[in-house]
Amino acid sequence: MSAENFDIVIQGGGPVGLACTAWCLQKFPEANIALLDRNPADDADLVNADSRGVALSHGSKLLLDTINAWPTECADIHRVHVSQSGRFGRALMTREELGQEALGHIIRYRDIHLTLRKALRDIQKNSPHFIWKHIDASADVENIQAKCVVHAEGGLFKTQDWVESGRDYEQSALVGLVEVENGSPFQAWERFTSEGPLAVLPSHYGPNILNLIWCGTPSSSQARLALSDADFLKSLQAEFGSRIGQFLKIQDRRLYELGLNYRKEITQANEVWIGNAAQTLHPVAGQGLNLGLRDAYLLAEKLSILFSKSEDQKTPLAIETTLQEYAQSRKLDRSATIGLTDFMARIFTSNLFPVVIGRGLALSALQWLPPIKTALARQMMFGRR
């Protein structure tokens, strides 16, 4: 079989791979790109796929709006209440004090995925040299040659075929949808318990149906997964408190193991890694997909400029140099986001008395020192440039 030759091959048809492809083609419609996608070609096969709520920052919304890839079903966050279970210290963030349309948004993973697929199909109509290949796990891709290879196949922690740097937090996240008695529109709650963060977040189903993310030790999380609905709700009520009334119903409980993986070097010769293929984060600050989308957008910016040049300028050295420039441009944002997420994941699971007191003081400082709160919120919404 003769080899197929492309300027760019993007491996991975999840949100980050789709977004990177769409931005490349939007910026340079003539780009010679192949997207290798292990997901089925028919959207109908994905309708019942991953329904967990994912946090997207307002910065990510602005990026996705550029390719008409913002899902219609989403829940905006206007207020975030952060506190410690059974300890002092709390902070409240609002969109008004930060002068933003929203602090963030909660969207089902499958809705992001499907909306990006639709957006790419629309862009594909004006992209004569773009090939979207749907391949199965056993497909032979050795006959596909590329001047530049983008790795966007991430996966979840402990399912990845690479472990370079990071840590196992020895935590699992139990996710699901919970019905509450007195929910408030646009309100997010993050409660730090003795085992890790417990988040109750808005959903597009209405103010009383909320996304639940409850982090704990693997054994505790497994035990909670096995509880009857009534016992689970009782346990959740005891841990969270009565700020939103009674927890009435739980559905779609699932577990995800949590940890940090990140590549120290995200480029090598003509290859580059983005999204979860470059870094997999703890969900405590909701930054994983946001960081991946910033990766995709800025890489597309670099690649579209390079590959719109004449053929004699697209040399191996030019490609390697461009990727190195991309990696350098991502250092500050990556290190800040990985560091912040790792710090929060570790500091909010320690029960050492000095750490507990420090957490309370830190939350109080956020509340009473607006510049610190603003700087933290802007990092989460827009990343570091």
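Visitor: How many bridges pair β3 and strand β7?

Guide: In this predicted model, strand β7 covers residues 104–108 and β3 covers 53–57. The two pair in the antiparallel sense, and G53 stands opposite R108 in β7. The number of bridges over which β3 and β7 pair is five.

Visitor: In what order do the strands of the open sheet of three strands stand?

Guide: The pairing in this sheet is antiparallel. β3 (53–57) and β4 (75–77) each have a single partner strand, so they stand at the edges and one side of each is left without a neighbour in the sheet. Neighbouring strands are turned against each other by 30° on average, direction ignored. The order is β3-β7-β4.

Visitor: At about what angle to β7 does helix α4 run?

Guide: Helix α4 is made of residues 109–124 and lies across both β3 and β7. Its angle to β7 is about 85°.

Visitor: Is Q124 buried, partly exposed or exposed?

Guide: Q124 has its place in helix α4. Not counting residues up to four places away in sequence, Q124 touches F130 and W132. Buried means under 20% relative accessible area and exposed means over 50%. The relative accessible area of Q124 is 28%, so this residue is partly exposed.

Visitor: What distance separates the C-alpha atoms of Q124 and L25?

Guide: L25 is one of the buried residues of α1, and Q124 belongs to α4. Along the chain Q124 and L25 are 99 residues apart. The separation of their C-alpha atoms is 7.8 Å.

Visitor: Is T94 buried or exposed?

Guide: T94 lies in strand β6, residues 90–94. Leaving aside neighbours within four places in sequence, T94 is in contact with H78, R79 and L103. The limit for a buried residue is a relative accessible area under 20%. At 15%, T94 is therefore buried.

Visitor: Which strand does β13 join by eight bridges?

Guide: Strand β12 (residues 196–201) runs antiparallel to β13 and is joined to β13 by four bridges, with A199 opposite I213. The strand joined to β13 by eight bridges also runs antiparallel to β13. Its residue S172 stands opposite G216 in β13. This strand, residues 165–180, is β10.

Visitor: How many of the eight residues of β13 are buried?

Guide: From β13, I209, N211, I213 and C215 point one way, while L210, L212, W214 and G216 point the other way. The residues on both sides are buried. Strand β13 (residues 209–216) is mostly covered, with a buried count of eight.

Visitor: What percentage of the 385 residues in the protein chain is buried?

Guide: The chain has ten helices and 17 strands. Of its contacts between residues at least 6 apart in sequence, 79% join residues at least 24 apart. The accessible surface comes to about 17000 Å², with 53% belonging to carbon and sulfur atoms. The buried share of the residues is 54%.

Key:
Residues are numbered from 1 along each chain as its sequence is written. This is a predicted model: local features need pLDDT of at least 70, side-chain atom pairs count only at pLDDT 80 or more; totals for chains, interfaces and linings use all residues. Side-chain values use heavy atoms; hydrogens and water are left out. Buried means under 20% relative accessible area, exposed over 50%, partly exposed in between (1.4 Å probe, protein chains only). Contact means heavy atoms within 4.5 Å. Accessible areas come from the Shrake-Rupley method with a 1.4 Å probe; for residues, only the protein chains shown count as cover. Two strands pair if DSSP finds at least two bridges between them. Axes are lines fitted to C-alpha atoms, for helices over the stretch in contact, and angles run from 0 to 180 degrees between N-to-C directions.
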